[in-house]
Amino acid sequence: MAQFQEVSQKSLLHPKPKGLMLQYGTAGFRTTAKDLDHVMFRMGLLATLRSKKTKSTIGVMVTASHNPEEDNGVKLIDPMGEMVTPAWEGYATQLANAEQEALCTVLKDIIEKEDINMSETASVFIGRDTRPSSENLSQAVLDGISSLGGNSKDYGLVTTPQLHYMVRCRNTNGSYGTDTLQGYYQKISQAFIKLIKNAKNHTDDQKRLLVDGANGIGALKLRELEIFLESALQVLLFNDGSNGKLNYMCGADYVKVQQKSPKGMGMEAGQRCCSFDGDADRIVYYYNDSVGCFHLLDGDKIATLISTYLKELLTQAGLNLQIAVVQTAYANGSSTLYLEDIMKVTVCCTKTGVKHLHHAAQNFDIGVYFEANGHGTVLFSQKAEEQIRQLAKDTNASDEKKHAAELLENTINLINQATGDAISDMLVIEAVLAVKGMTVQEWDSIYTDLPNRQLKVKVADRRVIDTKDAERRTVTPAGLQDAIDSLVKKYTKARAFVRPSGTEDVVRVYAEADTQESADGLAHEVSLAVYCLAGGVGEKP
Ligand code: NG1
Ligand code: ZN
């Protein structure tokens, strides 16, 4: 194994804590930053192999998204900007858990299994978030890449979706865009400015948006984008990282889970606000009404707004393209009812985790996918894109049809189809509201959310919970589903499910019902059932 000599040597500089076992989960590896140096080095190795295998550029993003600042994480990005394919998640886990002596054997096994030609060149793009640990960790990734002779391009501080975008641009030879930050800002800002020209009565008041940057990378990048926006949007940025701590009492996850506004946001009644998460791939909107009551517009409301807008434009354009919305079990029951019964849109439900939603959305001409927590985007099939772009330049088409096609075309250009992107999603939402002449209150009133509650339960081993039916029902432990079923029956319009988290060592509990009190009561009772039947540890819920 002479070819791995450098790998062996360099690996000694990134030692694996003996016995430490980690798993490539819903969003890659994620744990306390001090345990990740060896994982980063090895993900540099794996990305290099993946690049040789696919003969394409691969991405490696160093981030732990909405986790506390002390954590970190890493994920691999496949050639079209999507999450790495499942078989390679398995290799990632094997590689991360190999003890030093076994590392080269594991590498060799992967190379043999995948029949990788090691004389191929390799190209890896890397990026990182603003965590204090991210810089050193990304250096470890670069070490891994170079020890296998791969080429790398370090984008430094970027949002997760920006790195996904760069990878996609590179592997589509520029047809998707230019693989630079400037290219990204130019593409989306130009599309936004063109869309906003169609706004009805667009006053300065309506252009104003309060943004909570979660004290993270999204804040930095939004500042950079602002220059390109030519005052088409007036951003008031809070939690920009200048003094607060990353994700601490702010950010999209905090707002969604706590159902309250973030710290440090100077909100006035009725003002339209949004929060990014720590790596700017999620966004939620909200406002306080005149009596100080907080209203959240989450991923479900975003999916509803965007799919309604796209459907209306398709009708105006006379294009017969199938549009679908992909959700997870966390989608509010009211959103699903509204989409299916009123909007007559196809809705499908997948397991939690963007890769599942992304995959399902690819089955439609236009697939809108959002997790309730605000992570999502829209995918346009090649057929849909071609028909829309064709109609937009068709001189024989009626003005109405052509206009609708132009709006659709600019919307396609504005959307980051590689992955959910808080900045791009924010501009899409702002454009849709402006074009439809809609206030945030009007958007909110499209349907009323069922009150809901999310809780976490600590158990000895969360793998004892196995689920089916897109995580809406449990298979094991015995008796748990029956217990949940009988608890749900006690409440009106109720629904509840539990699943093991893929990013934290907990079991997540979700409940919704006709009142907040009932949703809270049901979530609590289900938590108790999990505690008793699935080996709860620590304090009883
Ligand atoms: P887990 O920890 O598996 O529930 C969370 C989110 C996911 C997804 C991932 C990755 C919830 C309930 N779960 O996963 O939707 O975004 O993190 O960030 O919001
Ligand atoms: Zn994130």
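A disulfide is counted here when a pair of cysteine sulfur atoms lies within 2.5 Å. Keep that cut-off in mind, and keep in mind that this is a predicted model.

How many disulfides does the structure hold? The number is 0. Take Cys349: the closest cysteine sulfur to its own belongs to Cys348, and the two sulfurs are 8.2 Å apart, so they are too far for a bond. Cys349 is partly exposed, at a relative accessible area of 26%. Cys250 is buried, with a relative accessible area of 2%.

Next, a pair of helices. H7 covers residues 181–196 and H16 covers residues 422–436. Their axes are 9 Å apart, and the packing angle is about 10 degrees. That makes H7 roughly parallel to H16. Which residues meet there? From H7 come Tyr184, Ile188, Phe192, Leu195 and Ile196. From H16 come Ile423, Ser424, Leu427, Glu430, Ala431, Ala434 and Val435. By type, the residues of this contact are 10 nonpolar, 1 polar and 1 charged.

Last, the domains. The protein chain is divided into domain 1 at 2–157, domain 2 at 183–295, domain 3 at 299–444 and domain 4 at 452–533. The centres of domain 1 and domain 3, taken over C-alpha atoms, are separated by 34 Å. Between these two domains, 6 residues of domain 1 are in contact with 6 residues of domain 3.

That is where I will stop.

Definitions and conventions:
Residues numbered from 1 in each chain as written. Chains lettered and ligands numbered in written order. Predicted model: local features only at pLDDT ≥ 70, side-chain atom pairs only at ≥ 80, totals over all residues. Heavy atoms only, no water. Buried < 20%, exposed > 50% of the residue type's maximum accessible area, 1.4 Å probe, protein only. Axes fitted to C-alpha atoms, helices over the stretch in contact; angles between N-to-C directions. Helix = DSSP H or I, 4+ residues; strand = E, 2+ residues; numbered from the N terminus. Parallel < 35°, antiparallel > 145°, perpendicular 65-115°, else oblique. Contact = heavy atoms within 4.5 Å. Nonpolar A, V, L, I, M, F, W, Y, C, P; charged D, E, K, R; others polar. Domains from an automatic or database assignment.
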